[in-house]
Amino acid sequence: MTTTAQPEMSATDTDDPSGSTKIVPSPQDHPKENGEDAAASLKYSLLGPSLLKAGQDTVDQLKVSEIIYNASRGSKYFNREEARDRSLTAKIDQILSKKRELEKLDLGHELRVADSLIAQLELSRDLSQYIVHVDCDAFYAAVEQLDRPELKDLPFAVGGGVLTTCNYVARKYGCRSGMAGFVAKKLCPELILLPISFDKYTAKAGEVREIISEYDPNFESASIDEAYLNITDYCTRHAMAPADAVAKMRSDIHERTSITVSAGIAANTRLAKICSNMNKPNGQYFLPSERVAILEFMRDLPCRKVNGIGRVFERELAALGIHTLGDIYSNRQYLRNLFGEKASEFFVHCFLGLGRTCVKPAETYERKSVGTESTFRDMSDPTELRNKLRRTSEDLEQDLRRAECKGRTLCLKVKLHTFEVLTRQTVLPRALHLATDLYNHALPMLTKLEQEIPGMKLRLMGLRCTNIATTKKPNSMAFFGLKSRGNRSEGYETTSAKKTTNLDGGKWETRPVGISAVLSGEQGAQGTRETKLTGRDSPSQSASHSDGDEITSHSRQHDGEPLFAEPEWWNCPICNRLQVAEERRFNDHIDLCLSRQAIRDTIQKEAVMPSQEPKTLKMEHKKPKERKRGRHATTPDPKQKRLCFG
């Protein structure tokens with residue numbers, strides 16, 4: 001197996017036209033005690049989180065870091081990043097000091113604990129699945145290029161103040177997502193900036209997802225332009241190799257949407273995510289599902305390539321001499337004491353190439369919170385801040401409605417003009433989701449911040465609801481452990497009334513296929529029994545007045561009567577009849593059905609054993625004779641009369 005990634009220490013190799021190799025200065029290459037380059041770590045940090053984005057291979061990152069450093073110097077963002085860099089440097093000094101102390105101790109116990117963890121995690125390795133990570137290439141830019149094909153060979157980006165993405169022509173100049181627009185203009189003066197149009201991106205993403213669902217209906221959407229899917233079943237059904245199946249999927253996406261995608265194929269989601277970035281753009285990479293191949297692949301992989309290891313972790317690990325994932329094993333005895341239990345276990349997972357193999361729709365995951373936030377120019381006017389808070393509350397209400405949930409805790413997040421982030425939260429009296437309620441509870445928190453910080457200037461505001469309560473309608477059939485009627489094989493298609501087009505072109509309500517036969521069969525089978533219980537003529541003539549709105553033979557609409565609104569129906573788990581989707585009436589109907597069922601079961605039980613009950617009663621009344629001590633049983637006294645009851 002060959003890999004396209006080359007071992008990196010802590011810098012990105014780039015080539016200039018002269019043939020010499022330039023590298024990005026790494027923080028640990030510049031000793032701070034000598035003062036040779038005190039700004040080296042800050043320059044490296046200012047390169048941004050998307051330093052390893054595809055298309056940056058031929059970029060002189062040293063030149064880019066200098067331009068960003070000089071263009072940002074003196075700004076509030078620069079001052080904030082400088083303070084964070086000093087804090088991180090101090091933290092790294094503490095880590096190194098602690099490591100020197102650990103080196104003086106006997107770490108045999110830590111080695112045994114680490115080896116035990118590795119052995120335990122190896123037992124959980126699953127190599128039976130084929131997981132794919134699909135990532136659209138420069139998605140926003142690709143969608144814009146469909147409308148403006150003349151931009152194909154020109155550098156352009158989507159976004160204004162901050163770039164959301166840019167095409168691969170602009171990436172050759174060092175432009176990347178998350179970069180400030182004015183900095184990108186310094187790197188590429190010819191850069192064209194396009195406004196964001198989320199409606200177009202969402203529509204195109206829906207087309208891509210529709211094709212992905214043909215290969216795995218339960219795919220997991222990671223973002224608007226990337227997804228995880230499990231193609232194990234697809235490959236088995238179509239007798240295809242994973243690489244061939246993914247190549248076919250990528251071809252289908254390009255033909256039907258004109259969007260190119262890159263893909264990674266591996267044994268779990270973590271590996272697939274790494275592999276999808278190996279042959280970008282419009283390529284794929286397959287990592288064999290073999291333990292040896294996976295360990296070799298991860299051994300030489302730079303730590304920054306792993307999703308979850310960013311600028312901070314990279315600097316901390318590099319200070320310890322951990323540049324590739326293979327270096328984690330040789331330093332395993334220090335990890336737990338230096339980074340804690342969870343972080344050390346995460347690093348071991350990365351070294352072993354382990355990840356989750358369960359891929360399921362994102363909607364099935366339990367929501368922890370729902371929030372929204374937006375960035376704007378510095379704002380200090382109290383009226384403008386309140387208007388912004390109201391609009392944010394309205395956006396949050398829409399998100400909560402879309403997620404079908406409410407929140408019991410409301411959090412307010414603001415970012416000052418100095419890039420300092422502050423959060424406040426309050427416990428709501430009940431679960432809320434309406435914009436008016438959210439605004440009324442968020443306003444006191446904003447007012448208190450204004451009192452604490454006179455002349456407060458904000459550049460970001462956000463609201464988030466936590467402690468989520470769902471508002472989804474309960475599935476009554478699942479609650480009683482029953483399957484829905486639509487999953488059975490009685491021959492009908494659906495449980496709700498459908499519309500069909502008549503000869504005149506109008507739409508009328510018709511009974512779903514097979515429901516008439518099923519209901520008539522149920523009524524025929526149950527009508528006699530229920531007549532005995534209730535004394536009524538038939539369920540179809542009486543239940544509709546007391547049980548709710550059931551679909552029975554007399555509840556049809558006459559031909560020619562238009563249907564203005566299609567009602568929603570729920571299945572009764574007891575009698576299996578359709579009821580109007582009103583929670584109160586539906587619960588009343590279930591209570592009545594349960595009462596009927598209890599009475600019916602009692603009568604049936606009494607009817608099964610009519611002759612056994614008298615014997616049982618007689619046995620209960622007949623008591624054994626008591627013998628007195630020292631006396632033998634005697635014949636009954638003829639003078640005593642035998643009493644009989646009944």
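User: What covers the buried residues of helix 12?

Analyst: The model is predicted: local features need pLDDT of at least 70 and side-chain atom pairs pLDDT 80 or more, while totals for chains, interfaces and linings use all residues. Residues are numbered from 1 along each chain as its sequence is written; side-chain values use heavy atoms, without hydrogens and water. Helix 12 spans residues 291-299, and helices (H or I, at least four residues) and strands (E, at least two) are DSSP runs numbered from the N terminus. The cover over its buried residues includes helix 11 (269-275), strand 10 (284-286), helix 14 (326-330) and helix 16 (341-352).

User: Why do the buried residues of helix 12 lie on the same side?

Analyst: Ala293, Ile294, Phe297 and Met298 are buried (under 20% relative accessible area, 1.4 Å probe, protein chains only). They share one side of helix 12 because their arc around the axis, taken from the directions to the C-beta atoms, is only 125 degrees.

User: How are helix 4 and helix 15 oriented to each other?

Analyst: Helix 4 (residues 108-122) and helix 15 (residues 332-339) have axes 7 Å apart, at an angle of about 95 degrees. Angles of 65 to 115 degrees count as roughly perpendicular. The two helices are therefore roughly perpendicular.

User: Which residue stands opposite Val132 in strand 9?

Analyst: Strand 3 (residues 131-136) pairs with strand 9 (residues 261-266) in the antiparallel sense, over 6 bridges. Two strands pair if DSSP finds at least two bridges between them. Opposite Val132 stands Ile265.

User: Which residue of strand 6 is the bridge partner of Val158?

Analyst: An open sheet of 3 strands has the order 5-4-6. Strand 4 (residues 156-159) and strand 6 run parallel, joined by 3 bridges. Val158 has as its partner in strand 6 Leu194.

User: What angle does helix 5 make with strand 4?

Analyst: Helix 5 (residues 139-147) packs on this sheet and touches strand 4, strand 5 and strand 6. Angles run from 0 to 180 degrees between N-to-C directions of axes fitted to C-alpha atoms, for helices over the stretch in contact. With strand 4, the direction of helix 5 makes about 110 degrees.

Conventions. Angles under 35 degrees count as roughly parallel, over 145 as roughly antiparallel, 65 to 115 as roughly perpendicular and the rest as oblique. Buried means under 20% relative accessible area, exposed over 50%, partly exposed in between (1.4 Å probe, protein chains only). Contact means heavy atoms within 4.5 Å.
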